Amino acid sequence: MNNGCIIETRDLRKTYRVGKVDVPALRGVDLRVKPGEFLAIVGPSGSGKSTLFHIIGGLTPPTSGQVEVDGQDLASLTDGGRTRLRKRTVGFVFQKFNLLPNLTARDNIAVARYISGAKGPPGPQFEEVLRVLGIDQRLDHKPNALSGGEQQRVAIARAIVNHPAILLADEPTGNLDTENSRAVLEILRDLNQRLGQTILMITHNPEAAAFAHRTIRMRDGRVME
Amino acid sequence: MTTKLVIENLKNKPMRSLLSFLLIGVPVTLILTLQGLATGMLRDAKDRARGVGADIMVRASSTTLAMTASADSVPEKYLPYFRNEVPHVKLAMGVMNQSIDFPLYITGIDQDQFNAMSGGFTYLAGHGLRGPDDILVDELYARQKKLQIGATVSLKNHQWHLVGIIEGGKLARVVVPLRTLQQVAGNGGPYVTQIYLKLDDPANTDAVVRYIEENTGLKVNTMDEITALYSVNNIPGLSEFIYVVMGIGVVIGFAVVCLSMYMAVLQRTREIGILKALGGSRSFILRIILAEALVLAIGGTVLGILMSFGAWWLIRTLVPSSLPMTIVPLWWPIAGGITLVGATLGALYPGLSAARHDPIEALAYE
(Lines give C-alpha, C1' and ligand atoms only; values in the text may rest on other atoms or scores of the structure.)
Protein backbone atom coordinates (compact mmCIF):
# COMPACT_ATOMS: atom_id res chain seq x y z
CA MET A 1 0.00 0.00 0.00
CA ASN A 2 0.87 3.71 0.06
CA ASN A 3 0.90 4.81 -3.59
CA GLY A 4 1.49 8.34 -2.41
CA CYS A 5 -1.57 8.20 -0.14
CA ILE A 6 -1.59 9.39 3.43
CA ILE A 7 -4.68 7.28 4.17
CA GLU A 8 -5.48 4.04 2.42
CA THR A 9 -7.96 1.36 3.38
CA ARG A 10 -8.72 -1.95 1.65
CA ASP A 11 -11.72 -4.12 2.40
CA LEU A 12 -11.93 -2.47 5.79
CA ARG A 13 -14.51 -4.12 8.03
CA LYS A 14 -15.70 -3.47 11.52
CA THR A 15 -18.29 -5.47 13.39
CA TYR A 16 -19.57 -4.46 16.81
CA ARG A 17 -20.95 -6.98 19.23
CA VAL A 18 -24.16 -5.66 20.79
CA GLY A 19 -25.33 -8.16 23.39
CA LYS A 20 -25.33 -11.45 21.51
CA VAL A 21 -25.78 -9.86 18.10
CA ASP A 22 -23.03 -8.92 15.65
CA VAL A 23 -23.68 -5.55 14.05
CA PRO A 24 -21.58 -4.82 10.95
CA ALA A 25 -20.68 -1.12 10.83
CA LEU A 26 -18.20 -1.27 7.94
CA ARG A 27 -18.61 -3.90 5.22
CA GLY A 28 -15.50 -3.52 3.14
CA VAL A 29 -14.40 0.09 2.68
CA ASP A 30 -11.78 1.02 0.13
CA LEU A 31 -10.52 4.58 0.44
CA ARG A 32 -7.54 6.58 -0.71
CA VAL A 33 -6.67 10.07 0.48
CA LYS A 34 -3.69 12.01 -0.79
CA PRO A 35 -1.63 14.34 1.40
CA GLY A 36 -3.07 17.85 1.46
CA GLU A 37 -6.49 16.68 0.38
CA PHE A 38 -9.68 18.03 1.96
CA LEU A 39 -12.17 15.17 1.84
CA ALA A 40 -15.80 15.27 2.92
CA ILE A 41 -17.57 12.06 3.90
CA VAL A 42 -21.34 12.24 3.77
CA GLY A 43 -24.05 9.72 4.40
CA PRO A 44 -27.07 8.99 6.55
CA SER A 45 -26.90 8.00 10.21
CA GLY A 46 -25.68 4.43 10.63
CA SER A 47 -23.85 4.47 7.31
CA GLY A 48 -20.49 3.87 9.02
CA LYS A 49 -18.97 7.36 8.68
CA SER A 50 -18.14 7.68 12.38
CA THR A 51 -16.77 4.16 12.57
CA LEU A 52 -14.45 4.89 9.65
CA PHE A 53 -13.44 8.12 11.39
CA HIS A 54 -12.72 6.23 14.66
CA ILE A 55 -10.61 3.60 12.95
CA ILE A 56 -8.56 6.10 10.94
CA GLY A 57 -8.12 8.15 14.14
CA GLY A 58 -6.87 5.13 16.06
CA LEU A 59 -9.72 5.18 18.55
CA THR A 60 -10.71 1.60 17.76
CA PRO A 61 -9.10 -1.25 15.81
CA PRO A 62 -10.67 -2.69 12.64
CA THR A 63 -12.13 -6.19 12.67
CA SER A 64 -10.48 -7.05 9.37
CA GLY A 65 -9.02 -5.50 6.25
CA GLN A 66 -6.11 -3.16 5.78
CA VAL A 67 -5.75 0.44 6.89
CA GLU A 68 -2.62 2.51 6.59
CA VAL A 69 -2.33 6.04 7.99
CA ASP A 70 0.80 8.07 7.37
CA GLY A 71 2.73 4.90 6.69
CA GLN A 72 1.50 3.02 9.76
CA ASP A 73 -0.47 -0.19 9.44
CA LEU A 74 -3.24 0.35 11.99
CA ALA A 75 -4.48 -3.23 11.83
CA SER A 76 -1.30 -4.41 13.51
CA LEU A 77 -1.06 -1.59 16.06
CA THR A 78 -1.45 -2.31 19.76
CA ASP A 79 -3.43 -0.06 22.07
CA GLY A 80 -0.18 1.76 22.88
CA GLY A 81 0.56 2.16 19.17
CA ARG A 82 -2.88 3.66 18.53
CA THR A 83 -2.32 6.01 21.48
CA ARG A 84 0.94 7.20 19.86
CA LEU A 85 -0.92 7.68 16.56
CA ARG A 86 -3.50 9.93 18.24
CA LYS A 87 -0.72 11.79 19.98
CA ARG A 88 1.33 12.63 16.89
CA THR A 89 -0.37 11.80 13.61
CA VAL A 90 -4.01 12.79 13.88
CA GLY A 91 -5.93 15.67 15.41
CA PHE A 92 -9.64 15.53 16.21
CA VAL A 93 -12.39 18.12 15.94
CA PHE A 94 -15.71 16.94 17.33
CA GLN A 95 -19.29 18.06 16.84
CA LYS A 96 -19.62 18.77 20.59
CA PHE A 97 -16.26 20.58 20.71
CA ASN A 98 -15.09 18.33 23.58
CA LEU A 99 -13.01 20.91 25.36
CA LEU A 100 -12.01 20.17 28.95
CA PRO A 101 -14.52 22.33 30.87
CA ASN A 102 -12.27 23.12 33.85
CA LEU A 103 -9.41 24.51 31.79
CA THR A 104 -9.06 27.78 29.90
CA ALA A 105 -8.81 27.78 26.11
CA ARG A 106 -5.06 28.28 26.44
CA ASP A 107 -4.73 25.29 28.79
CA ASN A 108 -6.93 23.14 26.56
CA ILE A 109 -4.43 23.74 23.78
CA ALA A 110 -1.50 23.28 26.18
CA VAL A 111 -2.83 19.87 27.31
CA ALA A 112 -2.61 18.56 23.77
CA ARG A 113 0.97 19.79 23.52
CA TYR A 114 1.84 18.35 26.91
CA ILE A 115 0.42 14.94 26.04
CA SER A 116 2.35 14.90 22.76
CA GLY A 117 5.55 15.46 24.73
CA ALA A 118 6.33 18.80 23.04
CA LYS A 119 8.39 21.19 25.13
CA GLY A 120 7.64 24.88 25.56
CA PRO A 121 5.04 27.10 23.86
CA PRO A 122 3.99 26.40 20.26
CA GLY A 123 5.91 29.32 18.72
CA PRO A 124 5.13 32.46 16.72
CA GLN A 125 3.70 30.58 13.75
CA PHE A 126 0.99 29.16 15.96
CA GLU A 127 0.30 32.62 17.40
CA GLU A 128 -0.51 33.63 13.83
CA VAL A 129 -2.85 30.63 13.51
CA LEU A 130 -4.64 31.74 16.69
CA ARG A 131 -5.09 35.20 15.18
CA VAL A 132 -6.45 33.69 11.98
CA LEU A 133 -8.85 31.60 14.09
CA GLY A 134 -9.87 34.79 15.89
CA ILE A 135 -9.35 33.42 19.37
CA ASP A 136 -6.06 35.06 20.30
CA GLN A 137 -7.93 37.43 22.66
CA ARG A 138 -10.11 34.70 24.15
CA LEU A 139 -7.47 32.26 25.35
CA ASP A 140 -7.87 32.96 29.05
CA HIS A 141 -11.54 32.09 29.11
CA LYS A 142 -12.99 28.76 30.08
CA PRO A 143 -15.29 26.99 27.58
CA ASN A 144 -18.46 28.08 29.39
CA ALA A 145 -17.48 31.71 28.71
CA LEU A 146 -16.99 31.11 24.99
CA SER A 147 -19.60 30.96 22.23
CA GLY A 148 -20.09 27.71 20.31
CA GLY A 149 -18.14 29.11 17.37
CA GLU A 150 -15.27 30.17 19.62
CA GLN A 151 -15.22 26.78 21.32
CA GLN A 152 -15.01 25.02 17.98
CA ARG A 153 -12.17 27.30 16.89
CA VAL A 154 -10.32 26.51 20.12
CA ALA A 155 -10.92 22.81 19.38
CA ILE A 156 -9.43 23.31 15.90
CA ALA A 157 -6.42 25.09 17.42
CA ARG A 158 -5.98 22.21 19.85
CA ALA A 159 -6.25 19.68 17.05
CA ILE A 160 -3.50 21.26 14.94
CA VAL A 161 -1.14 22.50 17.65
CA ASN A 162 1.08 19.42 17.28
CA HIS A 163 1.12 19.67 13.45
CA PRO A 164 -0.69 16.37 12.86
CA ALA A 165 -0.49 14.80 9.42
CA ILE A 166 -4.28 14.47 9.35
CA LEU A 167 -7.12 16.51 10.82
CA LEU A 168 -10.28 14.50 11.44
CA ALA A 169 -13.40 16.60 11.84
CA ASP A 170 -16.62 14.87 12.86
CA GLU A 171 -19.61 17.09 12.09
CA PRO A 172 -17.61 20.20 13.06
CA THR A 173 -20.54 22.48 12.28
CA GLY A 174 -23.26 20.24 13.74
CA ASN A 175 -23.74 22.40 16.82
CA LEU A 176 -23.22 25.80 15.21
CA ASP A 177 -25.47 28.39 13.62
CA THR A 178 -25.08 29.30 9.95
CA GLU A 179 -22.67 32.16 10.52
CA ASN A 180 -20.36 30.22 12.82
CA SER A 181 -20.62 27.14 10.59
CA ARG A 182 -19.42 29.12 7.65
CA ALA A 183 -16.59 30.67 9.68
CA VAL A 184 -15.39 27.26 10.86
CA LEU A 185 -15.56 25.78 7.36
CA GLU A 186 -13.59 28.69 5.95
CA ILE A 187 -11.00 28.18 8.65
CA LEU A 188 -10.71 24.51 7.72
CA ARG A 189 -10.35 25.39 4.06
CA ASP A 190 -7.81 28.06 4.94
CA LEU A 191 -5.78 25.59 6.99
CA ASN A 192 -5.87 23.17 4.10
CA GLN A 193 -4.80 25.78 1.56
CA ARG A 194 -2.26 27.62 3.68
CA LEU A 195 -0.67 24.76 5.61
CA GLY A 196 -1.45 21.90 3.28
CA GLN A 197 -3.30 20.22 6.15
CA THR A 198 -4.96 16.93 5.15
CA ILE A 199 -8.55 17.05 6.38
CA LEU A 200 -11.24 14.40 6.58
CA MET A 201 -14.59 15.89 7.44
CA ILE A 202 -17.76 13.99 8.24
CA THR A 203 -20.89 15.99 7.61
CA HIS A 204 -24.59 15.72 6.92
CA ASN A 205 -24.61 19.13 5.35
CA PRO A 206 -24.11 19.35 1.55
CA GLU A 207 -23.11 23.00 1.86
CA ALA A 208 -20.35 22.03 4.27
CA ALA A 209 -19.25 19.23 1.96
CA ALA A 210 -18.95 21.76 -0.82
CA PHE A 211 -15.94 23.28 0.95
CA ALA A 212 -13.98 20.04 0.40
CA HIS A 213 -12.00 19.04 -2.70
CA ARG A 214 -13.83 15.81 -2.93
CA THR A 215 -16.88 14.19 -1.35
CA ILE A 216 -17.50 10.51 -0.84
CA ARG A 217 -20.83 9.02 0.14
CA MET A 218 -21.32 6.15 2.50
CA ARG A 219 -24.30 3.87 2.93
CA ASP A 220 -24.72 0.66 4.88
CA GLY A 221 -21.05 0.49 5.76
CA ARG A 222 -19.78 0.91 2.22
CA VAL A 223 -18.38 3.78 0.13
CA MET A 224 -20.74 4.56 -2.74
CA GLU A 225 -18.54 7.29 -4.41
CA MET B 1 0.13 20.33 33.41
CA THR B 2 -0.87 17.29 35.49
CA THR B 3 -0.87 19.53 38.56
CA LYS B 4 -3.04 22.10 36.79
CA LEU B 5 -5.51 19.43 35.69
CA VAL B 6 -5.72 18.08 39.25
CA ILE B 7 -6.08 21.49 40.89
CA GLU B 8 -8.71 22.64 38.40
CA ASN B 9 -10.63 19.40 38.89
CA LEU B 10 -10.61 19.88 42.67
CA LYS B 11 -11.62 23.54 42.33
CA ASN B 12 -14.45 22.62 40.00
CA LYS B 13 -16.15 20.47 42.67
CA PRO B 14 -15.36 22.38 45.86
CA MET B 15 -17.92 20.60 48.03
CA ARG B 16 -16.67 17.16 47.03
CA SER B 17 -13.10 18.28 47.61
CA LEU B 18 -13.85 19.82 51.02
CA LEU B 19 -15.83 16.78 52.16
CA SER B 20 -13.00 14.51 51.06
CA PHE B 21 -10.46 16.64 52.92
CA LEU B 22 -12.67 16.54 56.01
CA LEU B 23 -13.32 12.80 55.91
CA ILE B 24 -9.64 12.05 55.33
CA GLY B 25 -8.71 14.53 58.07
CA VAL B 26 -10.90 12.89 60.74
CA PRO B 27 -8.80 9.73 61.17
CA VAL B 28 -5.65 11.87 61.10
CA THR B 29 -7.10 13.91 63.97
CA LEU B 30 -8.10 10.70 65.72
CA ILE B 31 -4.59 9.29 65.50
CA LEU B 32 -2.91 12.55 66.56
CA THR B 33 -5.35 13.11 69.42
CA LEU B 34 -4.96 9.59 70.73
CA GLN B 35 -1.18 9.72 70.49
CA GLY B 36 -1.20 13.24 71.97
CA LEU B 37 -3.29 12.05 74.89
CA ALA B 38 -1.10 9.01 75.52
CA THR B 39 2.06 11.08 75.31
CA GLY B 40 0.63 13.91 77.39
CA MET B 41 -0.72 11.71 80.13
CA LEU B 42 2.48 9.70 80.39
CA ARG B 43 4.64 12.80 80.33
CA ASP B 44 2.46 14.35 83.01
CA ALA B 45 2.72 11.25 85.19
CA LYS B 46 6.47 11.14 84.62
CA ASP B 47 6.90 14.81 85.53
CA ARG B 48 4.86 14.38 88.69
CA ALA B 49 6.88 11.30 89.69
CA ARG B 50 10.11 13.26 89.18
CA GLY B 51 8.69 16.19 91.13
CA VAL B 52 8.53 14.09 94.31
CA GLY B 53 12.27 14.46 94.65
CA ALA B 54 12.80 10.83 95.72
CA ASP B 55 15.48 8.36 94.55
CA ILE B 56 13.56 5.13 95.11
CA MET B 57 9.93 4.02 95.14
CA VAL B 58 8.78 0.98 97.09
CA ARG B 59 5.44 -0.74 96.49
CA ALA B 60 3.72 -4.02 97.20
CA SER B 61 5.21 -6.94 95.29
CA SER B 62 1.89 -7.75 93.64
CA THR B 63 1.42 -4.25 92.31
CA THR B 64 2.11 -3.43 88.67
CA LEU B 65 2.92 0.09 87.62
CA ALA B 66 -0.54 0.55 86.19
CA MET B 67 -2.07 -0.43 89.55
CA THR B 68 0.40 1.48 91.67
CA ALA B 69 -1.91 4.40 92.08
CA SER B 70 -4.75 2.48 93.66
CA ALA B 71 -3.16 -0.55 95.34
CA ASP B 72 -2.76 -0.02 99.05
CA SER B 73 -0.97 -2.86 100.59
CA VAL B 74 2.32 -1.61 101.98
CA PRO B 75 2.11 -1.53 105.78
CA GLU B 76 3.11 1.81 107.21
CA LYS B 77 5.40 0.09 109.70
CA TYR B 78 7.98 -0.07 106.94
CA LEU B 79 8.48 3.69 107.23
CA PRO B 80 10.47 3.60 110.53
CA TYR B 81 12.25 0.51 109.20
CA PHE B 82 13.45 2.35 106.11
CA ARG B 83 14.38 5.43 108.11
CA ASN B 84 16.27 3.66 110.87
CA GLU B 85 17.56 0.38 109.54
CA VAL B 86 18.22 0.74 105.83
CA PRO B 87 21.57 2.38 105.23
CA HIS B 88 21.81 5.65 103.27
CA VAL B 89 18.06 6.44 103.58
CA LYS B 90 17.70 10.08 104.51
CA LEU B 91 13.94 10.48 104.18
CA ALA B 92 11.02 8.05 103.82
CA MET B 93 7.52 9.17 102.88
CA GLY B 94 4.37 7.05 102.57
CA VAL B 95 1.55 8.17 100.28
CA MET B 96 -1.84 6.72 99.60
CA ASN B 97 -3.72 6.93 96.31
CA GLN B 98 -7.43 6.40 95.81
CA SER B 99 -9.12 6.53 92.44
CA ILE B 100 -11.67 9.30 91.91
CA ASP B 101 -12.85 10.35 88.41
CA PHE B 102 -10.85 8.21 85.97
CA PRO B 103 -7.97 8.77 85.37
CA LEU B 104 -7.57 10.99 88.42
CA TYR B 105 -6.53 10.05 91.95
CA ILE B 106 -6.75 11.63 95.34
CA THR B 107 -3.44 11.35 97.16
CA GLY B 108 -2.90 11.32 100.89
CA ILE B 109 0.38 12.76 102.17
CA ASP B 110 2.08 13.83 105.31
CA GLN B 111 2.65 17.50 104.51
CA ASP B 112 5.83 17.84 106.58
CA GLN B 113 7.42 14.74 105.09
CA PHE B 114 6.44 15.85 101.59
CA ASN B 115 7.89 19.30 102.13
CA ALA B 116 11.13 17.80 103.38
CA MET B 117 11.46 15.48 100.40
CA SER B 118 10.27 17.64 97.50
CA GLY B 119 10.71 21.18 98.78
CA GLY B 120 6.94 21.56 99.07
CA PHE B 121 4.24 22.73 96.71
CA THR B 122 4.15 26.12 95.08
CA TYR B 123 0.88 27.76 96.09
CA LEU B 124 -0.93 29.82 93.48
CA ALA B 125 -3.62 30.58 96.07
CA GLY B 126 -4.24 29.69 99.70
CA HIS B 127 -1.91 27.64 101.88
CA GLY B 128 -0.90 24.09 102.76
CA LEU B 129 -2.76 21.33 104.58
CA ARG B 130 -3.47 22.30 108.19
CA GLY B 131 -6.72 20.64 109.22
CA PRO B 132 -7.76 16.99 108.76
CA ASP B 133 -10.38 17.82 106.10
CA ASP B 134 -8.23 20.22 104.11
CA ILE B 135 -7.66 19.55 100.43
CA LEU B 136 -5.24 20.95 97.84
CA VAL B 137 -5.84 20.80 94.10
CA ASP B 138 -3.61 21.84 91.23
CA GLU B 139 -4.55 24.69 88.92
CA LEU B 140 -5.75 22.41 86.10
CA TYR B 141 -8.08 20.46 88.39
CA ALA B 142 -9.35 23.73 89.90
CA ARG B 143 -10.02 25.07 86.40
CA GLN B 144 -11.69 21.87 85.25
CA LYS B 145 -13.97 21.70 88.31
CA LYS B 146 -14.30 25.51 88.60
CA LEU B 147 -13.10 25.45 92.22
CA GLN B 148 -12.03 28.39 94.33
CA ILE B 149 -10.43 28.64 97.75
CA GLY B 150 -12.99 27.96 100.49
CA ALA B 151 -15.07 25.61 98.33
CA THR B 152 -16.34 22.33 99.71
CA VAL B 153 -15.21 19.40 97.63
CA SER B 154 -17.00 16.09 97.89
CA LEU B 155 -14.72 13.14 97.14
CA LYS B 156 -14.77 9.53 98.35
CA ASN B 157 -17.99 10.28 100.26
CA HIS B 158 -16.21 12.89 102.33
CA GLN B 159 -16.54 16.66 102.43
CA TRP B 160 -13.18 18.36 102.00
CA HIS B 161 -12.35 22.00 102.49
CA LEU B 162 -10.31 23.56 99.69
CA VAL B 163 -7.45 25.53 101.28
CA GLY B 164 -4.88 25.76 98.50
CA ILE B 165 -4.42 25.73 94.73
CA ILE B 166 -1.00 24.41 93.83
CA GLU B 167 1.20 24.48 90.76
CA GLY B 168 1.11 21.12 88.99
CA GLY B 169 4.02 18.80 88.42
CA LYS B 170 4.58 17.36 91.89
CA LEU B 171 3.21 13.97 92.89
CA ALA B 172 -0.53 14.55 92.51
CA ARG B 173 -3.33 16.83 91.36
CA VAL B 174 -5.57 16.32 94.40
CA VAL B 175 -3.90 16.13 97.80
CA VAL B 176 -5.34 15.51 101.30
CA PRO B 177 -3.91 14.52 104.69
CA LEU B 178 -2.77 10.88 104.69
CA ARG B 179 -4.43 10.03 108.03
CA THR B 180 -7.87 11.27 106.92
CA LEU B 181 -7.67 9.43 103.60
CA GLN B 182 -6.69 6.22 105.38
CA GLN B 183 -9.81 6.58 107.58
CA VAL B 184 -12.02 7.44 104.59
CA ALA B 185 -10.65 4.46 102.66
CA GLY B 186 -11.28 2.26 105.72
CA ASN B 187 -8.55 -0.18 104.81
CA GLY B 188 -8.41 -1.53 108.34
CA GLY B 189 -4.93 -0.49 109.18
CA PRO B 190 -2.19 1.99 108.53
CA TYR B 191 -1.36 1.09 104.95
CA VAL B 192 0.07 3.21 102.19
CA THR B 193 0.21 2.72 98.43
CA GLN B 194 3.84 3.65 97.91
CA ILE B 195 6.81 4.65 99.94
CA TYR B 196 9.26 7.14 98.50
CA LEU B 197 12.85 7.14 99.74
CA LYS B 198 15.39 9.92 99.45
CA LEU B 199 19.00 8.87 99.95
CA ASP B 200 21.98 10.67 101.37
CA ASP B 201 23.68 10.26 97.99
CA PRO B 202 22.00 9.14 94.73
CA ALA B 203 25.15 7.13 93.99
CA ASN B 204 23.97 4.65 96.63
CA THR B 205 20.66 3.98 94.88
CA ASP B 206 21.52 0.56 93.43
CA ALA B 207 22.96 -0.66 96.71
CA VAL B 208 19.87 0.42 98.64
CA VAL B 209 17.58 -1.20 96.07
CA ARG B 210 19.47 -4.49 96.45
CA TYR B 211 19.39 -4.22 100.25
CA ILE B 212 15.59 -3.72 100.34
CA GLU B 213 14.97 -6.52 97.83
CA GLU B 214 17.05 -8.92 99.92
CA ASN B 215 15.44 -7.97 103.21
CA THR B 216 11.77 -7.39 102.35
CA GLY B 217 9.24 -8.90 99.97
CA LEU B 218 8.52 -5.51 98.45
CA LYS B 219 8.97 -4.33 94.88
CA VAL B 220 11.65 -1.67 94.63
CA ASN B 221 12.45 0.60 91.69
CA THR B 222 14.71 3.56 91.22
CA MET B 223 12.86 6.68 90.15
CA ASP B 224 14.79 6.53 86.88
CA GLU B 225 13.28 3.10 86.28
CA ILE B 226 9.83 4.34 87.21
CA THR B 227 9.97 7.30 84.86
CA ALA B 228 11.36 5.07 82.09
CA LEU B 229 8.37 2.79 82.54
CA TYR B 230 6.03 5.64 81.67
CA SER B 231 6.02 4.94 77.94
CA VAL B 232 3.31 3.87 75.52
CA ASN B 233 4.91 0.44 75.13
CA ASN B 234 4.67 -0.26 78.87
CA ILE B 235 0.96 0.45 79.16
CA PRO B 236 -0.81 -2.85 78.45
CA GLY B 237 -2.90 -2.68 75.29
CA LEU B 238 -2.15 0.96 74.48
CA SER B 239 0.18 0.26 71.56
CA GLU B 240 -2.27 -2.26 70.16
CA PHE B 241 -5.10 0.23 70.53
CA ILE B 242 -3.12 2.87 68.67
CA TYR B 243 -2.34 0.35 65.91
CA VAL B 244 -6.05 -0.43 65.60
CA VAL B 245 -6.85 3.28 65.28
CA MET B 246 -4.10 3.61 62.66
CA GLY B 247 -5.60 0.64 60.80
CA ILE B 248 -9.00 2.31 60.92
CA GLY B 249 -7.33 5.45 59.55
CA VAL B 250 -6.00 3.51 56.56
CA VAL B 251 -9.40 1.92 55.95
CA ILE B 252 -11.28 5.23 56.20
CA GLY B 253 -8.71 6.97 53.96
CA PHE B 254 -9.02 4.10 51.48
CA ALA B 255 -12.83 4.14 51.52
CA VAL B 256 -13.18 7.92 51.26
CA VAL B 257 -10.70 8.27 48.42
CA CYS B 258 -12.06 5.21 46.62
CA LEU B 259 -15.61 6.56 46.75
CA SER B 260 -14.62 10.12 45.96
CA MET B 261 -12.39 9.19 43.02
CA TYR B 262 -14.89 6.65 41.73
CA MET B 263 -17.52 9.39 41.62
CA ALA B 264 -15.01 11.75 40.03
CA VAL B 265 -14.15 9.21 37.35
CA LEU B 266 -17.84 8.66 36.61
CA GLN B 267 -18.48 12.39 36.39
CA ARG B 268 -15.45 12.91 34.18
CA THR B 269 -15.90 9.96 31.85
CA ARG B 270 -16.21 12.27 28.86
CA GLU B 271 -13.12 14.27 29.88
CA ILE B 272 -11.16 11.04 30.16
CA GLY B 273 -12.34 10.22 26.65
CA ILE B 274 -11.11 13.63 25.44
CA LEU B 275 -7.69 13.08 27.02
CA LYS B 276 -7.49 9.66 25.39
CA ALA B 277 -8.49 11.12 22.01
CA LEU B 278 -5.65 13.61 22.40
CA GLY B 279 -3.26 10.70 22.86
CA GLY B 280 -3.32 10.37 26.66
CA SER B 281 -1.99 6.94 27.56
CA ARG B 282 -3.38 4.64 30.27
CA SER B 283 -0.50 5.56 32.55
CA PHE B 284 -1.21 9.28 31.98
CA ILE B 285 -4.86 8.84 33.02
CA LEU B 286 -3.85 6.71 36.03
CA ARG B 287 -1.26 9.33 36.99
CA ILE B 288 -3.89 12.09 37.02
CA ILE B 289 -6.24 10.08 39.24
CA LEU B 290 -3.42 9.11 41.63
CA ALA B 291 -2.16 12.70 41.73
CA GLU B 292 -5.63 13.91 42.64
CA ALA B 293 -5.86 11.29 45.41
CA LEU B 294 -2.44 12.40 46.61
CA VAL B 295 -3.58 16.02 46.82
CA LEU B 296 -6.72 14.92 48.69
CA ALA B 297 -4.55 12.94 51.13
CA ILE B 298 -2.14 15.82 51.69
CA GLY B 299 -5.00 18.30 52.13
CA GLY B 300 -6.78 15.88 54.46
CA THR B 301 -3.60 15.42 56.49
CA VAL B 302 -3.10 19.17 56.85
CA LEU B 303 -6.75 19.60 57.84
CA GLY B 304 -6.42 16.67 60.26
CA ILE B 305 -3.38 18.29 61.87
CA LEU B 306 -5.26 21.58 62.20
CA MET B 307 -8.24 19.76 63.70
CA SER B 308 -5.90 18.07 66.20
CA PHE B 309 -5.04 21.58 67.44
CA GLY B 310 -8.79 22.11 67.79
CA ALA B 311 -9.11 18.88 69.78
CA TRP B 312 -6.14 19.93 71.91
CA TRP B 313 -7.78 23.31 72.62
CA LEU B 314 -11.12 21.67 73.42
CA ILE B 315 -9.59 19.12 75.79
CA ARG B 316 -7.45 21.78 77.44
CA THR B 317 -10.52 23.92 77.95
CA LEU B 318 -12.91 21.24 79.14
CA VAL B 319 -10.82 18.60 80.96
CA PRO B 320 -7.28 19.93 81.33
CA SER B 321 -6.68 17.94 84.48
CA SER B 322 -8.12 14.57 83.45
CA LEU B 323 -6.66 14.50 79.94
CA PRO B 324 -3.38 16.38 79.64
CA MET B 325 -2.93 16.22 75.86
CA THR B 326 0.13 17.37 73.97
CA ILE B 327 0.68 18.17 70.31
CA VAL B 328 2.89 15.48 68.76
CA PRO B 329 4.61 16.89 65.62
CA LEU B 330 6.69 13.71 65.34
CA TRP B 331 3.47 11.89 64.49
CA TRP B 332 2.44 14.28 61.71
CA PRO B 333 4.49 12.48 59.03
CA ILE B 334 3.34 9.11 60.37
CA ALA B 335 -0.34 10.10 60.20
CA GLY B 336 0.33 11.61 56.77
CA GLY B 337 2.00 8.41 55.62
CA ILE B 338 -0.94 6.32 56.83
CA THR B 339 -3.33 8.58 54.93
CA LEU B 340 -1.22 8.46 51.77
CA VAL B 341 -1.18 4.66 51.85
CA GLY B 342 -4.97 4.56 52.28
CA ALA B 343 -5.54 7.17 49.57
CA THR B 344 -3.22 5.51 47.06
CA LEU B 345 -4.88 2.15 47.59
CA GLY B 346 -8.28 3.80 47.36
CA ALA B 347 -7.43 5.56 44.08
CA LEU B 348 -6.08 2.46 42.36
CA TYR B 349 -9.40 0.89 41.39
CA PRO B 350 -11.02 4.09 40.06
CA GLY B 351 -7.72 5.04 38.41
CA LEU B 352 -7.32 1.70 36.64
CA SER B 353 -10.97 1.77 35.71
CA ALA B 354 -10.53 5.23 34.15
CA ALA B 355 -7.36 4.15 32.37
CA ARG B 356 -9.24 1.22 30.81
CA HIS B 357 -12.10 3.38 29.50
CA ASP B 358 -12.81 2.88 25.84
CA PRO B 359 -12.29 6.34 24.28
CA ILE B 360 -15.28 6.09 21.93
CA GLU B 361 -17.67 5.09 24.72
CA ALA B 362 -16.17 7.74 26.99
CA LEU B 363 -16.63 10.46 24.35
CA ALA B 364 -20.25 9.41 23.86
CA TYR B 365 -20.93 9.61 27.64
CA GLU B 366 -23.49 12.27 28.56
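How many salt bridges does the rule count over all chains? The count comes to 22, a salt bridge being a side-chain nitrogen of Lys or Arg within 4 Å of a carboxyl oxygen of Asp or Glu. The model is predicted, with local features needing pLDDT of at least 70, side-chain atom pairs counting only at pLDDT 80 or more, and totals for chains, interfaces and linings using all residues. Residues are numbered from 1 along each chain as its sequence is written, chains are lettered from A and ligands numbered from 1 in the order in which they are written, and side-chain values use heavy atoms, leaving out hydrogens and water.

We turn next to the interface. About 2,200 Å² is buried between the two chains, with carbon and sulfur atoms giving 62%; buried area here is the accessible area (1.4 Å probe) lost when two parts are put together, summed over both. Of the area that chain A buries against chain B, 26% is supplied by Asn102(A), Tyr114(A) and Ile115(A), more than by any other three residues.

Across this interface the rule finds 3 salt bridges. Lys142(A) pairs in a salt bridge with Glu8(B), with 3.2 Å between the closest N and O atoms. Helices are DSSP runs (H or I, at least four residues), numbered from the N terminus.

A salt bridge within chain A joins the side chains of Asp190(A) and Arg194(A) (3.2 Å, N to O). Both residues lie in helix α6 (residues 178-195) of chain A, 4 residues apart, about one turn of the helix. An α-helix has 3.6 residues a turn, so residues three or four places apart point the same way.

Conventions
Helices (H or I, at least four residues) and strands (E, at least two) are DSSP runs, numbered from the N terminus.
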